[in-house]
Amino acid sequence: MRLSILDQSPISSNQTANDALIESMQLAQAGEALGYTRYWIAEHHGLPGLACSAPEVMLSYIGANTNRIRIGSGAVLLPHYRPYKVAEVFNMLATLFPYRIDIGIGRAPGGSAEVTNALSDNFLQKVWELPALVKELFHFLEDDFSADHEYSKISASPIPENSPVPWLLGTSEKSALLAARNGMPYTFGHFMSDDDGIAIIQAYRDAFRPRKEAQAPQVIVTVSAICGETTEQAEEIAESFLIWSLQGEGHQGVPSIKEAKQYKLTEKEKDSLNKMRQNMIIGNPHEVKRKLMELQTNYQADEIMINTITYSPKDRIQSYRLIAKEIFSKENL
């Protein structure tokens, strides 16, 4: 089983944004040492609990402090930007870090309505135009506009020896079909979707049209998981993330376990917490492995990408370490 990391660069209540970003780099280093396939960092705007508003900046920092692990955006929010600039940025990264760069593409706003307006004058229009934006991005990455196109005489320099690999990220059949029609690998956000993901992935496979010879559907499924030495420990560590999520995406500061335990839940919040738990994997290494393998089997996924948020950076790295040890060491027996 291939495993990867999705990092939202959360800021704990005892941290600064600088602390969180350094911890993100250290997580990528740990992932590389543990055998994870790739590390992606998310893009969010105007959310005080999440530190990364510019994945392209963080990827330069992370690439310079790692050697092998693939690195990318999870996702760059394409409706906010012109494809030419995105191609330039990721071609630059692919030139600096050859054979390691992914471009995860998303359509979400990544923040509030006010933030969206500050970033873009016509975001909703650009969301509708996403299929055209994706095609334009491909042309810039492959440097292959037709001779009669207005962009035929320009290139998204520097042109790397090995182009960055575009992925489409989503949680709906609409995004899955867009990926399929463009011959793109697809990442399904299981951890943030209530839809029938298995049916969505099947629709992607059925509709897949290769852009190049020998291309085949490729699927990553992203899940929220927290692993501890024991089930009880994992449940306790997860309490911080659950309370933080309950307070609203990007709320200032992931609370400590002690702070989370002191939070008084209403009956409605208890119901919300139970639903959140059902969409997560929380447990000891054996339990987490079993659930990850069930997820992989159900989705027929090529890879599982894990998003883990904890108060303590040590608990976060330990969670990834326990999962890697349980899966990779047992596979090698």
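User: Take buried as under 20% relative accessible area, exposed as over 50% and partly exposed as in between, with a 1.4 Å probe and protein chains only. Which residues in α9 are buried?

Analyst: A234, I237, A238, E239, S240, F241, L242, I243, W244 and L246. Before going on, note that this is a predicted model: local features need pLDDT of at least 70 and side-chain atom pairs count only at pLDDT 80 or more, while totals for chains, interfaces and linings use all residues. Residues are numbered from 1 along each chain as its sequence is written, and side-chain values use heavy atoms, with hydrogens and water left out.

User: How many residues has helix α9?

Analyst: Helix α9 covers residues 231-246, which is 16 residues. Helices here are DSSP runs of H or I with at least four residues, strands are runs of E with at least two, and both are numbered from the N terminus. From first C-alpha to last, α9 reaches 22 Å, close to the 22 Å expected at 1.5 Å a residue. The expected span is 1.5 Å times one less than the number of residues.

User: Where does α9 bend?

Analyst: At A238, by about 30°. The bend is the angle between two fitted axes, one for the seven residues ending at that position and one for the seven starting there. A238 is also one of the buried residues of α9.

User: What comes just after α9?

Analyst: G248, which takes a positive phi of about 120°.

User: Which residues other than glycine have a positive phi?

Analyst: S9 and Y99 are two of them: phi is about 50° at S9 and near 65° at Y99. Most residues other than glycine have a negative phi, and most peptide bonds are trans.

User: Which peptide bonds are cis?

Analyst: A75 belongs to strand β3, residues 70-77. Another cis bond runs from S157 to P158, with omega near 0°. P158 is in the loop between α6 (130-142) and β5 (165-170).

User: Back to helices. At what angle do α2 and α3 pack?

Analyst: About 5°, with the axes of α2 (residues 55-64) and α3 (residues 83-96) 11 Å apart. The two helices are therefore roughly parallel to each other. Under 35 degrees counts as roughly parallel, over 145 as roughly antiparallel, 65 to 115 as roughly perpendicular and the rest as oblique. Axes are lines fitted to C-alpha atoms, for helices over the stretch in contact, and angles run from 0 to 180 degrees between N-to-C directions.

User: Which residues make that contact?

Analyst: E56, L59 and S60 from α2, and V89, F90 and L93 from α3. Contact means heavy atoms within 4.5 Å. By type, the residues divide into four nonpolar, one polar and one charged. Nonpolar covers Ala, Val, Leu, Ile, Met, Phe, Trp, Tyr, Cys and Pro, charged covers Asp, Glu, Lys and Arg, and the others, Gly among them, are polar.

User: What does R316 touch?

Analyst: Not counting residues up to four places away in sequence, R316 touches D7, P10, E23, S24, L27, T308 and T310. R316 lies in helix α13, residues 313-331. R316 is buried, with a relative accessible area of 6%.

User: And L295, what is L295 in contact with?

Analyst: H190, V221, V223 and I304, leaving aside neighbours within four places in sequence. L295 is in helix α12, residues 285-299, and counts as buried at 10% relative accessibility. L295 and A238 are 57 residues apart in sequence and 20 Å apart in space, C-alpha to C-alpha.

User: Last one. Where is P109 found?

Analyst: In the loop between β4 and α4 (113-119). P109 counts as partly exposed, at 31% relative accessibility. Leaving aside neighbours within four places in sequence, P109 is in contact with H45, L77, H80, T116 and F123. The C-alpha atoms of P109 and E43 are separated by 9.6 Å, with the two residues 66 apart along the chain.
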